[in-house]
Amino acid sequence: MVAISPVAHKLLSYVPFLLVLIDLRYEGVNGGKDGGVENHLEMGKKLLAAGQLADALSHFHAAVDGDPKNYMAYYRRATVYLAMGKSKSALPDLSKVIELKPDFTSRGNLLLKHGKLDEAESDFKKVLKSNPSSKEEQEAQSQLKKSDEIQRLVAQAQSDFTRRDYGSAASHLDIIIDTCVWDADSREMRAECFIQLGEMGKAISDLKATSKLKSDNTQAFYKLSTIYYNLGDHEMSLNEVRECLKLDPDHKQCFSHYKQVKKLNKQTQAAEELIQQEKYSDAVSKYESVMKTEPNVPQFILNAKERMCHCLSKDQQPANAISVCSEVLKADPENVNALKDRAEAYLQDDQYEEAIKDFESAKEHSENDRQIKEGLERAQRLLKQSQKRDYYKILGVKRTAQKKEILKAYRKLAQQWHPDNFQDAEEKKKAEKKFIDIAQAKEVLTDPEMRSKFDQGEDPMDPESQQGGGHHHHFHGGWENFQGFNPFGSGPFNFKFNFN
């Protein structure tokens with residue numbers, strides 16, 4: 001999926017305005033002697049630079065009213081109109097500039113930037129016929145040459161596009177747009193080339209610009225919405241299709257697409273709310289509905305499975321979680337979230353080495369993630385612990401077992417392995433060791449604090465594994481300290497602890 005940051009989205013929305021500011025060059029000519037007009041021009045320039053277009057336009061209106069023969073006032077007002085995406089309003093002002101100052105090349109330059117090549121060429125020729133200064137003549141000649149080259153490239157790009165040679169067409173359009181930066185048609189063609197080439201981030205950039213450069217451009221918003229949709233970004237898709245419907249509430253394509261995106265967005269939001277409420281099974285069901293709503297966009301399927309992987313891991317369903325997470329990682333091997341969730345599921349399933357591999361892989365792609373670091377350390381402790389003794393395995397219960405299950409398993413095993421049940425000396429010795437392990441397992445797993453430590457990779461009964469010193473339980477001695485012990489709670493009780 002192509003990531004487009006919120007800052008980038010914001011900047012793209014100001015493309016025409018930024019382009020005007022880049023191009024805007026004060027000519028250094030005193031357009032009139034009226035101090036009030038000059039004040040309006042200066043204030044308008046500052047407001048334009050600050051992005052306050054409406055206020056800047058007001059000052060330039062006042063400058064035009066104050067001195068109808070000041071060509072710079074018309075030129076400045078035209079630049080604001082262009083920044084606001086109002087090309088039609090700008091052109092009469094630019095025509096007035098040419099009328100007042102025939103050797104003024106800026107309208108031709110602006111027409112060239114809009115891709116209006118014939119009109120730009122006409123303006124440059126007028127400049128050459130007006131006995132311009134050598135500087136103006138040189139610029140006009142240069143721009144005429146540039147215009148001819150752009151016309152040749154436009155014809156070549158159109159030919160490449162027709163032949164579906166999108167890479168070559170895009171290369172020609174790159175050169176065209178370097179000069180014709182406000183040419184919406186060239187940007188739309190290049191956007192289509194990028195779509196065909198699978199370069200969706202570049203297509204989005206051009207379509208964002210055309211949505212501003214061309215008024216009521218519903219098609220640009222529709223294309224943006226469908227691109228985001230196919231990238232799996234339902235929220236951005238919904239934003240763009242809403243812009244389309246603002247311009248034309250009856251737009252058939254946008255309205256149909258809007259209903260689909262809205263339904264998908266609603267289901268996804270509902271699933272995320274269930275996750276926040278820790279209703280993981282319900283969230284899995286909701287994401288299954290998402291996949292049924294949109295089975296034809298791979299990214300939505302992948303996104304849904306990633307979240308299902310998370311929910312199944314949180315819901316202590318390791319087998320299912322490992323299966324779904326593996327599907328995600330097959331399609332996206334560097335998916336850090338799926339790696340973390342599968343690692344947690346492996347831990348739940350006592351597959352410590354597999355968990356370590358996943359945490360290490362996740363760390364390669366997100367080395368500063370604290371959760372990964374802590375998970376890896378925990379997995380390494382649990383692997384080391386498993387090579388010694390595992391109280392869950394001793395009692396034959398799952399890590400998710402409740403206290404009631406633990407006590408039930410303990411009583412059954414304690415009865416089975418009570419040394420009084422064995423007469424042979426070797427068998428009795430084996431039973432004594434087994435009985436002590438069973439009693440220790442019950443002690444750890446029924447004490448919330450000790451069980452929590454054990455689940456984090458510490459053995460509360462092993463002094464060597466303690467990480468903070470202090471007091472800890474362990475059984476002292478062997479079977480001699482269990483004489484007379486009845487695991488079912490009746491009779492003599494001689495169960496001893498030693499506190500260090």
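Which helices do the buried residues of α20 pack against? They pack against α19 (336–348) and α21 (370–386). This is a predicted model, and the report below walks through a handful of its helices.

## The chain as a whole

The protein chain holds 25 helices and two strands. Of its 500 residues, buried ones make up 48%. As for contacts, take those with a separation of 6 or more: residues 24 or more positions apart account for 54% of them.

Helix α20 covers residues 352–365, so to speak a run of 14 residues. From first C-alpha to last it reaches 20 Å, close to the 20 Å expected at 1.5 Å a residue. Its buried residues are Tyr-352, Ala-355, Ile-356, Asp-358, Phe-359 and Ala-362. These sit on the same side of α20, because they cover an arc of only 165° around the axis.

Now look at the face turned away from that buried side: here α20 carries the exposed residues Glu-353 and Glu-364. The buried residues, for their part, are the ones that pack against α19 and α21.

## α18 against α19

One of those partners, α19, also packs with helix α18 (residues 318–331). The angle between α18 and α19 is about 155°, and their axes are 9 Å apart. That angle makes α18 roughly antiparallel to α19, since anything over 145 degrees counts as such. The crossing of the two is left-handed.

If you want to find the contact on screen, α18 brings Pro-318, Ala-321, Ile-322, Cys-325, Ser-326, Val-328 and Leu-329. On the α19 side, the contact is made by Ala-338, Leu-339, Asp-341, Arg-342, Ala-345, Tyr-346 and Gln-348.

Helix α8 (residues 117–129) packs with α9 at an angle of about 160°, their axes 9 Å apart. The pair is therefore roughly antiparallel, and α8 passes α9 in a left-handed crossing.

Helix α9 (residues 134–162) has another crossing, with helix α11 (residues 184–197). Here the axes come within 12 Å and cross at roughly 35°, and this crossing is left-handed too. The contact involves Ala-157, Gln-158 and Phe-161 in α9, which meet Met-189, Glu-192 and Cys-193 in α11.

Helix α14 (residues 234–247) has 14 residues, which should span 20 Å at 1.5 Å a residue; the end C-alpha atoms are 20 Å apart, so the two agree. Buried in α14 are His-234, Met-236, Ser-237, Leu-238, Glu-240, Val-241, Cys-244 and Leu-245.

Leu-238, one of those buried residues, has a counterpart to check in Lys-259, which is found in helix α15 (residues 252–276). Leu-238 and Lys-259 are 21 residues apart in sequence, and their C-alpha atoms are 9.4 Å apart in space. Is Lys-259 buried or partly exposed? Lys-259 counts as partly exposed because its relative accessibility is 49%, and exposed would need over 50%.

Methods:
Residues numbered from 1 in each chain as written. Predicted model: local features only at pLDDT ≥ 70, side-chain atom pairs only at ≥ 80, totals over all residues. Heavy atoms only, no water. Helix = DSSP H or I, 4+ residues; strand = E, 2+ residues; numbered from the N terminus. Expected span 1.5 Å × (residues − 1). Buried < 20%, exposed > 50% of the residue type's maximum accessible area, 1.4 Å probe, protein only. Arc of directions from axis to C-beta. Contact = heavy atoms within 4.5 Å. Axes fitted to C-alpha atoms, helices over the stretch in contact; angles between N-to-C directions. Parallel < 35°, antiparallel > 145°, perpendicular 65-115°, else oblique. Left-handed = near helix turned anticlockwise from the far one by under 90°.
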